[in-house]
Amino acid sequence: QVQPVESGGGLVQTGGSLRLSCASSGRTFTTAAMGWFRQAPGKEREFVAAITRSGHTTYYADSVRGRFTISGDNDKNAVYLQMNSLSPEDTAVYYCAATTLTYRIGAYYQGSRTYQYWGQGTQVTVSS
């Protein structure tokens, strides 16, 4: 079992920045990759970014590429999501997720079904 816990959400104005953190506990040595997903009211959960534990290969959704940066610290079992140039369209609950599955094809890390362990989520609200 891996238990991810998110923090760092809040209210920010358009154009502002936020940094989300995800600290994991439990059998973190089994983790192959960590991902960030988000869900806005009335919408399905969508992929935001992912990072592999080994090599720190990163993946991004087109909607956030160039504005968001995912990073990881294996020693701290933590993953971060730096979000810049935020817009109201980024308003959502952001979830951190962990997977023990390893894929050669990065696209698999963009699917929510890849991840077995999920945090409770942190709210990000961007005001216009």
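Which ring does the charged end of Arg19 sit over? Select Arg19 and Tyr80 together: the charged end of Arg19 is over the ring of Tyr80, 4.1 Å from its centre. A charge sits over a ring when NZ of Lys or CZ of Arg is within 6 Å of the ring centre and within 35 degrees of the ring normal.

Before moving on, a word on the model. It is a predicted one, where local features need pLDDT of at least 70 and side-chain atom pairs count only at pLDDT 80 or more, while totals for chains, interfaces and linings use all residues. Residues are numbered from 1 along each chain as its sequence is written, and side-chain values use heavy atoms, with hydrogens and water left out.

**Stop two: Arg45**

Now pick Arg45 and Tyr95. Arg45 lies over the face of Tyr95, at 4.0 Å from the ring centre.

**Stop three: the disulfide**

Next, select Cys22 and Cys96. They are joined by a disulfide, with 2.0 Å from S to S; the term covers a pair of cysteine sulfur atoms within 2.5 Å. By this rule the count is one disulfide. The torsion about its S-S bond is about -80°, so the disulfide is left-handed. Cys22 lies in strand S3 (residues 18-26) and Cys96 in strand S9, so the bond ties together parts that are 74 residues apart in sequence. Strands (E, at least two residues) and helices (H or I, at least four) are DSSP runs, numbered from the N terminus.

Are Cys22 and Cys96 buried or exposed? Both are buried. Buried means under 20% relative accessible area, exposed means over 50%, and partly exposed is in between (1.4 Å probe, protein chains only).

While you are in strand S3, click on Ser24, which lies there too. Ser24 counts as buried, at 14% relative accessibility. Leaving aside residues up to four places away in sequence, Ser24 touches Val2, Gln3, Pro4, Met34 and Asn77, where contact means heavy atoms within 4.5 Å.

**Stop four: Arg38**

Head over to Arg38, in strand S4. Arg38 is buried, with a relative accessible area of 6%. Not counting residues up to four places away in sequence, the residues Arg38 touches include Val48, Phe68, Asp90 and Val93.

**Stop five: the aromatic rings**

Rings of Phe, Tyr and Trp (its six-membered ring) pair if their centres lie within 6.5 Å; planes under 30 degrees apart count as stacked, over 60 as edge-to-face and the rest as tilted. How many aromatic pairs does this rule give? The count comes to seven.

Select Phe37 and Tyr115 for one of them. Their ring centres are 5.3 Å apart and their planes at 75°, so the pair is edge-to-face. Phe37 is in strand S4 (residues 33-39) and Tyr115 in the loop between strand S9 (92-99) and strand S10 (117-118), 78 residues apart. Phe37 is buried at 2% relative accessible area, and Tyr115 is buried at 5%.

Then try Tyr103 and Tyr109, an edge-to-face pair with 5.6 Å centre to centre and 75° between the planes. Tyr103 is partly exposed at 27%, whereas Tyr109 is buried at 2%.

To finish, select Phe37, Phe47, Tyr115 and Trp118: they form one aromatic cluster.
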